[in-house]
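Colleague: I would like to learn how to read a model of this kind. Could we go through it feature by feature?

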Amino acid sequence: MTVSPPPNTLLTPPDLHPEMELVMRVMPMPADANGNGDIFGGWIMSQVDLAGCVLPGRISRGKVATIAVNEFVFRNAMSVGDLLSLYARVTRIGNTSITVHVEAWAERRPSDPILVKVTEANLTYVAIDQNGKPRPVRPT
């Protein structure tokens, strides 16, 4: 019996910058929601921070730590049941730091799916050694 692969069922945001890379997907749970039923902004911020460190960790080939949240803009609310997809791209590489742009998109209504940009942010990470001290991003 031959089974054909399912169609691509996860949506990709329109007009996504060509260098953006999917780095994480997560679904919030009821404990992540406030009294209005919206997901806590702090929960979204933590997911953006986790997604943001993926590329710097790969590039620096080691540990990184968040050193700055340069910009963080909430565009739309997010609800329990939305699937959050986080995309990132590197915007700057310094001697010990890497800055990334992260976009968070919610996929809503499984019966008639739509994508909504929830958040976008610019964060800077610093490469650290085993003692937590800054180290060169690209080892010499």
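**Reading the contacts, sheet and charges**

Modeller: Start with one residue and its contacts, meaning heavy atoms within 4.5 Å. Leaving aside neighbours within four places in sequence, Leu86 is in contact with Glu21, Leu22, Val23, Met24, Val26, Gln47, Val48, Ala51, Val102, Glu103 and Ala104. This is a predicted model, in which local features need pLDDT of at least 70 and side-chain atom pairs count only at pLDDT 80 or more, while totals for chains, interfaces and linings use all residues. Residues are numbered from 1 along each chain as its sequence is written, and side-chain values use heavy atoms, with hydrogens and water left out.

Colleague: In what order do the strands of the sheet run?

Modeller: Helices (H or I, at least four residues) and strands (E, at least two) are DSSP runs, numbered from the N terminus, and two strands pair if DSSP finds at least two bridges between them. Here five strands make an open, antiparallel sheet, ordered E1-E3-E4-E5-E2. Strands E1 (21–26) and E2 (64–74) are the edges, each pairing on one side only. E4 (residues 97–108) and E5 (residues 114–127) pair over 12 bridges, and Glu107 has Leu115 in E5 as its bridge partner.

Colleague: Which residues touch the most other members of the largest nonpolar core?

Modeller: Such a core is a set of buried Ala, Val, Leu, Ile, Met, Phe, Trp, Tyr and Cys residues joined through side-chain atoms within 4.5 Å; buried means under 20% relative accessible area, exposed over 50%, and partly exposed in between (1.4 Å probe, protein chains only). The largest has 25 residues, and Ile44, Val48, Met78, Leu84, Leu86 and Val102 touch the most other members. E1, H1, E3, E4 and E5 each supply at least two residues of this core.

Colleague: Which residues are linked in a network of salt bridges?

Modeller: A salt bridge is a side-chain nitrogen of Lys or Arg within 4 Å of a carboxyl oxygen of Asp or Glu. By this rule there are six, and Arg75, Glu103, Lys117 and Glu120 are linked in a network. Glu103 and Lys117 have their closest N and O atoms 3.7 Å apart; Glu103 lies in E4 and Lys117 in E5, so the pair ties together parts 14 residues apart in sequence. For Lys117 and Glu120 the closest N and O atoms are 3.4 Å apart. Elsewhere, Asp82 bridges to Arg108 at 2.9 Å, and both residues are buried.

Colleague: What is there to note about the phi of Asp15?

Modeller: Most residues other than glycine have a negative phi. Asp15 is not a glycine, yet its phi is positive, about 55°. Asp15 lies in the segment before E1 and is exposed, at 83% relative accessible area.
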